[in-house]
Amino acid sequence: MYNFIFRRALSSLGVLLVATFLIYVLVDIAIDPLQDLLQSTAPNKEALIAARVQQLQLDVPSPVRYLGWLGGVAGCFIGKCDLGVAWTTNQQVTDILVSSIGVTIKLVTLATVVAMILGITVGVVSALRQYTGFDYTMIFISFLLYSLPSFWVAVLMKQWGAIGFNDFLANPELSIGVILLIGVVAGIIWQAIFSGDLKRRLIVFGSAFAVTSGVLWYMIATDWFRKPSLGPIVILLTGVGIAFALTAIMAGLRNRKALYAAVSTAVLIAALWYPMQFAFHGANAGIVFGLLVAVVAGGVLIGWLWGGYDRAVSMRISALVALLGFGLLFADRVMQAWVPYFNSSAINGRPIATIGSETPGLKGSFWTTQLDSYTHLILPTLVLVLVSFAAYTRYSRASMLEVMNQDYVRTARAKGLSERVVVVRHAFRNSLIPLATIIPLDFAGILGGAVITEKIFGWRGMGTMFLSGLQKSEIDPVMAYVLVIGFVAIVANFLADLLYAVLDPRIRVNA
Amino acid sequence: MKIKKWAPLAALVGATLALGACSTPAPGDDNPTTEGTSASAGPTEVRVGWNQPMYSANQNTDHGNATANAVINYMTQAGFNYYDKDLKLVPDTSFGSYEKLSDDPLQVKYTLSENAKWSDGTPIDAADLVLAWAGLSSNLNDKVETDEETGEVIVGENEVFFASGSPGTALIKDVPEIGEDGKSVTVTYTKPFADWETAFGVTMPAHATAKLAGLGDDATANKAAVIKAIQDNDRATLAKIANAWRTGFDFTSTPTADQNFASGPYIITEYTENQSIILEKNAQYTGDHAGKIDKIIVRYSEDPQAQVQAFQNGELDMLAPQATADTLTQLQALGDKVEIQTGVDGTYEHVDMVQDNGGPFDPESYGGDAEKAKKVRQAFLLTIPRQAIVDQLIKPLNPNAETRDSFILLSDDPNYEKMVAENGSDFYKETDIEKAKSLLKEAGVEKVDVRFLYGKSNVRRANEFVLIQESAAKAGFNVIDGGNDDWGTMLSTAQDKYDAALFGWQSTSTAVTESDANFRTGGLNNFYGYSNKTVDGLFDQLQTETDPAKQAQIQIDVEKHLWADAFGTTIFQFPAVNAWNSKITGVSPISISPTIFSEFWNWEIAG
Amino acid sequence: MSENMSNTEETRAENELELREVAGLSQGQIVRKRFFRHKAAMISLIVLAAVILLAVTSIGWGPLPGWWKFGYKETGALTLPGGRPTLQLWGEGGFQIGDHPFGQDELGRDNFARVMRGIQTSLTVMFIVATVSTAIGILIGAIAGFFRGWLDTLLMRFTELFIVVPVLITGAVLGKLYGSPTPVILAIALGLLNWTGLARLVRAEFLSLREREFVEAARVAGASNTRIIFKHMLPNTIAVIIVNSTLMLSSAVLLETSLSYLGFGIQAPEVSLGNLISEYQSAFATRPWLFWWAGLFIVTIALCVNFIGDGLRDAFDPRQRRVPTVRALRKAELKAQLGAPEATPTGIAVDTLEADRPVVDRLESEGDSDGKDSKN
């Protein structure tokens, strides 16, 4: 095994060397750092050209310059990275890289996590409801989203998601017809997910319709969009709901100990609302993280206290409930910052932003800056989720179908296990194995930056660094991008291969 | 049993509730919520959208010379003069004054105002002007050696290199003479120079440059050290100073206190890399241009559509996007929330023809018959549908657009009307296929192939090409699509691959010497082998002519020759769209840098 | 988790029917039958064919003349102010098509002709990309998977090399070398970069196939390597290949669109759907016809191709059938006990036989063909 890893690492390094060399030469062909000067009207043009040729060593053939660049990269091993200079702005590439990786990670992590959770959920449900209306609708929607060019989505999103929504916020009112219509749509979706016979469908439809329109009406009536908040009651109700749902999926409602553990965690979370107001006051990221850990640990403890024959399950469920519950508490606190944020002069009643990653010059508490960064994140995240969600839906649907047809699933059913146990324990877990091998590969692509999304929303991440380097004829930022992406891609490939072997014993490692 | 299990939870809940009850009552709004300090009607701010982030506070170096830097520096650095909305050069006497002492030799005295101070309180004085001379003139630079064989330029490690300088300031050979009060200098040109008024001014603070160069902390001592190093030509110290001057003021995020100096009404207080720059009032500024807005925020976004949508969404108050007809319509749809000014930009589109590549426009192709070649050129120029291009492609963006009929002058130049009336451009006023045909007949040629170079990915140029191709075909020209994204390089290096080229020249000032290189025999931007001895002679005169009236006359004479020789044709001046929130008053964009920022001190938020 | 009773019956009847149908048919016939039964795929196939037919006949293709009155390069006067479309569904004068049903651009060019030309270009690009990358992918994957050992290692590292090269750089290099790339050159270049996923996939298939008995048998019978690869093994991987090539088609259209948006794709005066929508993205609110028609066709083509791919997958993969629910299984058992012989045998036998193929392969096929690079 170690031998395999060692040989693999060595050959990967070789690949990286060859790739960077080729790309260096290619990029050198593609760009022309003298272009702006050749078009310039400056009377001292020749001197300027000569100076630039000298500065960028343009008289040296590109393979030789590559060696120089490589020398700088090699410096990284001894802690002195020199990735060159973006010559038009005289910036160290290492500096640009650090800031742009940060931006990219901020932009894409949330989107990826959301897309993954949403995609896998929809994919699995779709597989379990194969060839039903829900399945067809989801296939259609995911194919449709998959067929949309992302800048198209982005432009439309800005128009309706930002400008439109902000206009709505200026006067948040919906006619009763619209509210009912949204309720009907929600009802249709929910009944399709639950499926079953007509009676069951009608019940689901009815309750989903009632709840959705009711909540919506309440939100409009209380001007919730202008003054959003959850409050302990909503947190309690949602928390208990989550507790029931998670128990139903992970342990079955018949496991009373698990249910009690989950519900008591939810109650505790709601009870924590009041003291948390003090704990959150003047908080920073560290404190919040500490609180999160404490709350989750509390959940684990509650699960352990309730015990039962399957203590681990109770603990897991309680921990999850605690995690999500903390999310509610956090969201509630962020919402409290909404009113002053909404009314501040920098926002001026139009919170959803279309460009940049923050409102320039906005000063405020941790919560205000959090809120500000969310209002900026929401649109690009939505765009990324929409275009990448489809892929996850398809992976997980296919994988789930595959697994559901396996013999061990038949066996499990034959043993008389409940459908829940079959799906959650036997099928779902195994269907995740192939997904686990795709995610590393995906991650490489993600770090590459969402070039188009970044460009449209004015975020300057990895993609923009690469693109602007190419446009401004700066070879060093382009190469830094290639280096990082290449490295990550190769490592990810390697990891994927390893994961195949580790997770699925039927695959032999050979390299 | 059951009760026992619930007990811990009950205890916990009880405890937390008790804990809450013991502490300060009434959580929620008033207690923990202290955010939103920026709320309420506090300072006034204006948010301007711009496409490229600033990267250097010193725009006088080769690499810092960009509009992105110039627009910010325009607000943070005061100067001896500026262009007003009629493109007239206006002196700013609250900063300093200058006067021409003599014409030959050209001698100018610059005197700084008593109150002129840097943002750290240090007075702006002669030391800063002496440093400016060192930086702008290139006369202290180490001789750049050129390798005979390769043409390679060799600059050593510790050598003095400020910047490549400009031909104007290079004429000031001697160190400026410092006046007795230490607030003035006199510079002497070795030859008269037409554009002397815009050639010289304060650049970077001398004391800060010296500090960055590692010469010390004390402002007064530093100033003296800079003057001394320059006067004594102390190479070692100069190398450090040059280096600090050239690169020390580069930054792409909030600058350090050692880099951040303002002599103008605003100073950078926060710079979020690639996102925005916040400018606030410079407390030390006492001049005439103190702004009325407390905070100017410049936000960066490349995509014009994104800027327009951000404006619609209230994230921007002002923008000057590279608009298309559609973005303009989108802005107009906002009704009275927006003020839109459509106008022209300093760049003009034109068609040039290569006259020495053996192609259709080269006399060599007709056995050296220059007259014949000229007729072919005239015929081709007559087919270019200038008016149609303006009507179809430019008018949607600038309803008042007209064809540009001068090679040298911007259409908002005070002398433009007179120029157009006299320069002979009216020969090409109308697209005239018949005349073109008869000219071709006179020249005795029929089917003419013209390889046409333009920037391929530029949609507008591709559209212009389509129109030109169609129109020229009617007169018998076969215009071959030579569109290429590498056109900029090809212009000067691949004349054998194209016969005519469509592109734009950008004017950055109204300096009269700017067009010299475009039309002079062997001029740097005369890629086409155009040569007219009379034109060369006129340019020689223009170089040293300092009387504006005579300058204008020489320019007209030059153009008469250019049009008569069928050098090429000008088509239109780039349209510019400036838009701002209608609650802001006093905005007056101009066609050259700093465009929409021009006279920002008049900006005011109404109501 | 319960199913509608009648629905279950239906399912069951269908299953039986399927088994009966399959009996005595060749693999190709089974696939065709299954595919024709996939409604969405069939509709997509028809729509796609209609779109292609419309695009090719309307403005003609190459030497073929078209029936539409305007060429895509022809400028002209604006029929309606602003170049609004003359297509009208209702209102004064009722339904009418008019001269410029999709409107005109600022030069008065007919948008219908331009969109049609765009479809032609985009389809050309898409087919070339898929052909080139499929060919290379198969070749490299087959050789690597069949010979294994050092050749495999070498080829796989070679594949990684191509994963690292950003597509945009190719666009930029092409722009430099060819002025602006013609659709064909661009497509070939993209094809040369896009094969890595398929190669990995074919390799995985080959790795598992080469251990199978029939390959062993062929070898014993003295077949050459070439023969084994092309006659015995390749036909067995055809499912994976076809499905993935189809999906590559849709990602190629989107890739071309993205490149156009970033200025590295097909450029005017050449027209592609991608450069139409990227050029007119700012027109979406003001001259919507220029933005929406081209966009509509991109979405239609990509959607059709995806559904066809989905149909092919279902048709080729016998395991991708309905997941039997508990109740359906119970019913089947019951029926078997009561003596209904058709229900039990073949279906399950096929499943178990195929089950030893690694699960990963299929998923990998999805993963790689979904090439994220085209959608960012």
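**Figure 1. A:A285 is an exposed residue of a chain A helix.** A:A285 counts as exposed because 9 other C-beta atoms lie within 10 Å. The model is predicted: local features need pLDDT of at least 70 and side-chain atom pairs count only at pLDDT 80 or more, while totals for chains, interfaces and linings use all residues. Residues are numbered from 1 along each chain as its sequence is written, and chains are lettered from A and ligands numbered from 1 in the order in which they are written. A:A285 lies in helix α12 of chain A, residues 285–306. Helices (H or I, at least four residues) and strands (E, at least two) are DSSP runs, numbered from the N terminus. A:S264 is 21 residues from A:A285 in sequence. Their C-alpha atoms are 27 Å apart.

**Figure 2. Chain A carries 20 helices and two strands.** Its C-alpha atoms fill a box of roughly 85 × 65 × 45 Å along the principal axes. Chain A has 511 residues, of which 48% count as buried. Two residues are in contact if their C-beta atoms, placed from the backbone, lie within 7 Å. Among contacts in chain A with a separation of 6 or more, 71% are between residues 24 or more positions apart.

**Figure 3. B:G216 sits in a loop of chain B.** The loop runs between α6 (206–212) and α7 (219–232). Is B:G216 buried or exposed? B:G216 is exposed, because 12 other C-beta atoms lie within 10 Å. Leaving aside neighbours within four places in sequence, B:G216 contacts B:A210, B:K211, B:A221 and B:N222. B:S509 is 293 residues away along the chain. The C-alpha atoms of B:G216 and B:S509 are separated by 38 Å.

**Figure 4. Helix α15 of chain B spans residues 459–474.** Chain B as a whole has 19 helices and 20 strands. Of its 607 residues, 53% count as buried. Helix α15(B) has 16 residues and reaches 24 Å from its first C-alpha to its last. That is close to the 22 Å expected at 1.5 Å a residue. The expected span is 1.5 Å times one less than the number of residues. Buried residues of α15(B) are B:R461, B:A462, B:N463, B:E464, B:F465, B:I468, B:Q469, B:S471 and B:A472. Their cover includes the chain B helices α11 (370–383) and α12 (386–394). It also includes the strands β15 (448–453), β16 (477–481) and β17 (500–506). B:G476 follows α15(B) and has a positive phi, near 100°.

**Figure 5. Helices α4 and α10 of chain C cross at roughly 145°.** Helix α4(C) covers residues 111–147 and α10(C) covers residues 225–262. Their axes come within 8 Å. Axes are lines fitted to C-alpha atoms, for helices over the stretch in contact, and angles run from 0 to 180 degrees between N-to-C directions. The crossing is right-handed. A crossing is right-handed if the near helix is turned clockwise from the far one by less than a right angle, and left-handed if anticlockwise. Residues of α4(C) in the contact include C:V125, C:V129, C:I138 and C:F146. Among their partners in α10(C) are C:L234, C:I241, C:M248 and C:E256. By class, the contact of α4(C) with α10(C) has 14 nonpolar, four polar and one charged residues. Nonpolar means Ala, Val, Leu, Ile, Met, Phe, Trp, Tyr, Cys and Pro; charged means Asp, Glu, Lys and Arg; the others, Gly among them, are polar.

**Figure 6. Helix α3 of chain C packs on α4(C) at about 120°.** Helix α3(C) covers residues 39–59, and the two axes are 9 Å apart. The helices are therefore oblique to each other. Angles under 35 degrees count as roughly parallel, over 145 as roughly antiparallel, 65 to 115 as roughly perpendicular and the rest as oblique. Helix α3(C) passes α4(C) in a left-handed crossing. From α3(C), the contact includes C:V51, C:I52, C:L54 and C:I59. From α4(C), it includes C:M116, C:R117, C:I119 and C:L123. The contact of α3(C) with α4(C) has ten nonpolar, two polar and one charged residues.

**Figure 7. Helix α12 of chain C is mostly covered.** Of its 29 residues, 23 are buried. Helix α12(C), residues 288–316, should span 42 Å at 1.5 Å a residue. Its end C-alpha atoms are 41 Å apart, which agrees. Chain C has 15 helices and zero strands.

How values were computed
Buried ≥ 20, exposed ≤ 12 C-beta atoms within 10 Å, placed from the backbone.
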